[in-house]
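Open the model in your viewer and keep the sequence panel beside it. The stops below are given in the order in which to select them.

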Amino acid sequence: MMSAISGWILRLVGAALVSSAALTLAPEGAAKRAVRLACGLMSAAALMSAVLSFDYSEFSKEAARYRQELGESAALGEEKAAVRTRFIIESKLDEYILDKAEELELSDLSVSVRCEWAEEGFWYPTGVEISGNAPEKAKEKLKTYIEAELGIPKERQLWSTGDENQN
């Protein structure tokens with residue numbers, strides 16, 4: 001495709017150079033008018049050569065390839081956007097739970113919310129992992145709050161003391 005365009009440009013430039021040289025060398029009068037007419041026809045032929053020699057099947061293939069690349073790029077962009085959106089939502093929900101934990105006077109907690117894609121087209125929280133020490137009563141209040149506000153059932157709220165990795 002690019003070679004066809006560059007060839008066409010070369011033909012135009014060549015016709016312009018030949019025309020310029022011929023018009024410079026032609027004597028005044030009828031001869032110059034005849035050369036001017038010939039140069040005009042040659043320039044028109046060079047200009048029209050792109051249309052006459054255009055490879056429509058090659059153009060069609062190139063256009064299809066560009067459309068495919070564009071579709072792949074768009075899909076990759078959508079995928080990256082979905083990952084970023086999921087990360088932002090999970091981070092905001094982590095902060096939301098930590099704020100509620102502070103209201104219940106729970107500190108030193110680590111929260112990690114997991115989200116999944118709904119068929120309706122949005123991310124929704126499906127589980128949470130909370131690490132840290134908390135009195136059972138405060139823990140139960142936070143579990144109830146998470147279930148009521150975020151819709152994460154208590155069965156999907158995994159609690160740990162944070163000491164499991166230490167020996």
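Which residues of α3 are buried? Before selecting them, note that this is a predicted model, in which local features need pLDDT of at least 70, side-chain atom pairs count only at pLDDT 80 or more, and totals for chains, interfaces and linings use all residues. Residues are numbered from 1 along each chain as its sequence is written, and side-chain values use heavy atoms, with hydrogens and water left out.

Select Glu 62, Ala 63, Glu 90, Leu 93, Asp 94, Ile 97, Lys 100 and Ala 101: these are the buried ones in α3. Buried means under 20% relative accessible area, exposed over 50%, and partly exposed in between (1.4 Å probe, protein chains only). Helices (H or I, at least four residues) and strands (E, at least two) are DSSP runs, numbered from the N terminus.

Now show β1 (110–117), β2 (123–131) and α4 (136–150), against which the buried residues of α3 pack.

Next, pick Tyr 96 and Tyr 145. Their rings form a tilted aromatic pair, 6.0 Å centre to centre with 35 degrees between the planes. Rings of Phe, Tyr and Trp (its six-membered ring) pair if their centres lie within 6.5 Å; planes under 30 degrees apart count as stacked, over 60 as edge-to-face and the rest as tilted. Tyr 96 is partly exposed at 33% relative accessibility, and Tyr 145 is buried at 18%.

Key:
Contact = heavy atoms within 4.5 Å.
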